[in-house]
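Take a look at the model below. This report begins with one residue and then moves out to the whole chain.

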Amino acid sequence: MFERLPSRWMLALKKVGYWIWLIPVLGIPLSYYWSQGSAHADAWPWLVISVVFGVIPLLDFIVGRDPANPDECDEVPALEAQGYYRLLSLATVPLLLAMLVWSGWIFASYEGWSWVGQLGWVLSVGTVMGAIGITVSHELIHKDPKLEQNAGGLLLAAVCYAGFKVEHVRGHHVHVSTPEDASSSRFGQSLYAFLPHAYKHNFLNAWKLEAERLKRRGLPVLHWRNELIWWYAISALFLLGFTLAFGALGALFFLGQAVIAFTLLEIVNYVEHYGLHRRKLDNGRYERTNAHHSWNSNFLLTNLFLFHLQRHSDHHAYAKRRYQVLRHFDDSPQLPNGYAGMIVLALFPPLWRAVMDPKVRAYYAGEEHQLSESQLT
């Protein structure tokens with residue numbers, strides 16, 4: 001639909017289009033208000049999750065791909081200099097946290113839903129916190145300014161996944177697409193085999209990395225400079241606050257949305273790196289990470305929702321690039337749909353393998369030996 005538009009027009013369109021993240025956030029209160037007095041009250045809390053995983057994959061095909069790559073000489077410096085894009089990402093933080101607290105109050109106090117409606121409510125809020133909240137936190141923790149670092153950490157604390165702030169930057173980006181990385185899914189590995197491994201090892205690796213950092217400074221792991229202690233303490237304060245304000249149902253809501261949010265994150269990790277790996281060189285080291293080591297998805301609509309997260313190949317090659325200047329590369333491995341559609345596909349391993357295994361094999365055509373036995377099992 002937009003593939004023939006000039007690049008400068010697309011960049012102007014996307015400058016406004018990034019605000020599309022407001023749609024799922026505002027969809028939460030709208031679904032509550034529309035459920036009041038409805039003959040199908042329990043259906044409305046499922047609205048957001050249904051749109052995200054039902055409607056958006058179809059719209060990705062209809063809207064099509066994003067043709068705009070900013071020019072490195074002229075457009076990239078101008079885009080990076082605009083504080084607008086930084087403010088836009090930071091603006092998500094207070095609104096998401098306000099939505100989270102309000103949603104907890106509704107969950108604990110509203111009596112118009114059965115457990116079916118309450119389940120849909122937790123799933124929808126968790127989806128927003130995962131899709132928008134963790135996506136924005138991912139953008140922020142890669143940046144140097146303390147404001148962005150702390151804003152990203154706060155969003156992760158709100159979903160009880162503070163370890164991501166440490167492990168993702170210092171672990172995943174170092175070991176991506178190697179057997180050492182718990183967030184890089186192997187060829188032939190199902191989502192349900194991947195998730196428990198990712199939960200466990202990413203948590204443990206975050207503590208290991210922080211312990212190593214502190215050891216280099218001559219400090220023990222249980223020290224006030226251990227940032228994981230602070231972020232997990234904030235998560236505990238969130239839980240305490242929800243419990244004191246809304247009772248046991250408030251605690252249940254907070255923990256439930258957190259599990260949905262960080263599970264969504266790990267499913268995205270599964271999608272982003274499935275079957276891809278860095279080759280081991282003669283010296284025993286892995287080749288440098290480049291744009292061939294992550295699956296790319298250039299569907300415009302979901303890229304606007306997710307602040308260009310789907311241009312993941314460029315992100316891993318150049319992790320400090322801000323979202324507005326991430327590029328699409330035709331020679332990167334390409335997903336057949338946006339992340340929303342691929343997440344749904346990953347939930348059904350036989351369908352996932354039927355679609356993705358041939359793509360992995362085609363990508364390594366002529367060098368099938370790169371698919372080691374450990375990846376095939």
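L156 touches I134, S137, I141, Y161, A162, F164 and K165, leaving aside residues up to four places away in sequence. Touching, or contact, means heavy atoms within 4.5 Å. L156 sits in helix α7, which covers residues 146-157. Helices here are DSSP runs (H or I, at least four residues), strands are runs of E (at least two), and both are numbered from the N terminus.

Is L156 buried or exposed? L156 is buried, because its relative accessible area is 0%. Buried means under 20% relative accessible area, exposed means over 50%, and partly exposed lies in between (1.4 Å probe, protein chains only). L156 and A261 are 105 residues apart in sequence, yet their C-alpha atoms are 9.5 Å apart in space.

A word on the source. This is a predicted model, where local features need pLDDT of at least 70 and side-chain atom pairs count only at pLDDT 80 or more, while totals for chains, interfaces and linings use all residues. Residues are numbered from 1 along each chain as its sequence is written, and side-chain values use heavy atoms, with hydrogens and water left out.

Now the whole chain. The protein chain has 15 helices and zero strands. Its radius of gyration is 21 Å, close to the 21 Å that the globule rule gives for 377 residues, so the chain is as compact as a globular protein of that length. That radius is taken over C-alpha atoms, and the rule is 2.2 Å times the number of residues to the power 0.38. The C-alpha trace spans about 65 × 60 × 45 Å along its principal axes.

Of the 377 residues, 54% count as buried. Among contacts with a separation of 6 or more, 72% join residues 24 or more positions apart.

An unreviewed entry lists residues 114-342 as "domain: Fatty acid desaturase". The entry gives "transmembrane region" for several spans, including residues 16-34 and 46-63. UniProt positions follow the numbering used here, feature names are shortened, and annotations may be inferred rather than shown by experiment.

The table sets out three of these spans.

| Residues | Helix | Strand | Distance between end C-alpha atoms |
|---|---|---|---|
| Residues 114-342 | 62% helix | 0% strand | 30 Å |
| Residues 16-34 | 79% helix | 0% strand | 28 Å |
| Residues 46-63 | 94% helix | 0% strand | 24 Å |
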